[in-house]
Amino acid sequence: MPELPEVETVRRGLQPVLEGATIALVEARRPDLRFPFPEKFSQRLTGKTITALGRRAKYLTMDLEGGPVLICHLGMSGSFRIETADGNDMPGVFQHDRSKSSNHDHVVFHVVSPAGARSRVIFNDPRRFGFMLFAEGPDVHPMLAGLGVEPTGNTLDGALLASLMKGRRSPLKAALLDQRLIAGLGNIYVSEALWRASLSPLREAGTIARPGKKAQAQSEHLAEAIRSVISDAIAAGGSSLRDYMQTDGSLGYFQHSFAVYDREGEACSKPGCSGHIERIVQSGRSTFYCRTCQR
């Protein structure tokens, strides 16, 4: 499942083609994906100018002049590709194989840039767990309305994180994955952030919100670790996307930088730590951590 950095990578890949472009035609080649397409889906999009391409948590949002907002989710197997007169330009090819079969090309956006250049932006989704829905404004749709704070920028600081965790008796990792508290954090990056902050995924979430300097330092360190691991992953193009082209022409591979995720049995890479990475299961999902340095 793509996580926030992967979705942000896709957004950045699509942005140069979509922002400011006019939708000349939309082909919906089936009546539904995970959910049925909204009524008059193609008609409501055709002729509209895309004023902004955004992201909220793991959702892509497309603001249209005069409304509505189109909400897109990649699901488990969804991906976009761009076809231009100059050839194909993939905004993000996933590390795990993604379909290129036209049988799974379910939605095709025909767009025209302000300069008159024509492109096709194609959504391919073999398993059809993705979806496209309309909202009448930002955060209005139920899918978006209950989401918590974004883990990017400086909004998520130690004080805010402590307030979100205060009184919670669930394991810290489970609390961090609660989308009502922090929007867009996924399994991979929570494991990585907890390792950077030297905090156990098993500890009670509320312990980083207790009075005193120790808990304050823990919450501040964890907030910084969350922001930095997300920022590093976006800069590298995510962990399941393998060939997002950065501005300097290099390719990003954040999965090569994992400290704990999928490294069961390997020596912990934290300086001075003699421990090894363990794998446990929490709420049916794999957690990777070092028992020695994460307390």
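Arg55 lies in strand E2 (residues 50–56); strands are DSSP runs of at least two residues, and helices (H or I) of at least four, numbered from the N terminus. The model is predicted, so local features need pLDDT of at least 70 and side-chain atom pairs count only at pLDDT 80 or more, while totals for chains, interfaces and linings use all residues. Residues are numbered from 1 along each chain as its sequence is written, and side-chain values use heavy atoms, with hydrogens and water left out.

Arg55 has a relative accessible area of 17%. Arg55 is therefore buried (under 20%; exposed is over 50%, partly exposed in between; 1.4 Å probe, protein chains only). Its side chain makes polar contacts with the side chains of Glu8, at 3.0 Å, and Glu150, at 2.8 Å. A polar contact is a pair of N or O atoms within 3.5 Å; within protein, one must be able to donate a hydrogen and the other to accept it, and residues adjacent in sequence count only if both atoms are side-chain atoms. Beyond neighbours within four places in sequence, Arg55 contacts residues including Leu4, Val7, Arg11 and Thr152 (heavy atoms within 4.5 Å).

Helix H6 (residues 187–196) packs against helix H7 (residues 213–236) at about 130°, with axes 8 Å apart. Axes are lines fitted to C-alpha atoms over the stretch in contact, and angles run from 0 to 180 degrees between N-to-C directions. H6 is therefore oblique to H7 (angles under 35 degrees are roughly parallel, over 145 roughly antiparallel, 65 to 115 roughly perpendicular, the rest oblique). Tyr189 and Leu194 are among the H6 residues in the contact, and Leu222 and Ile226 among those of H7.
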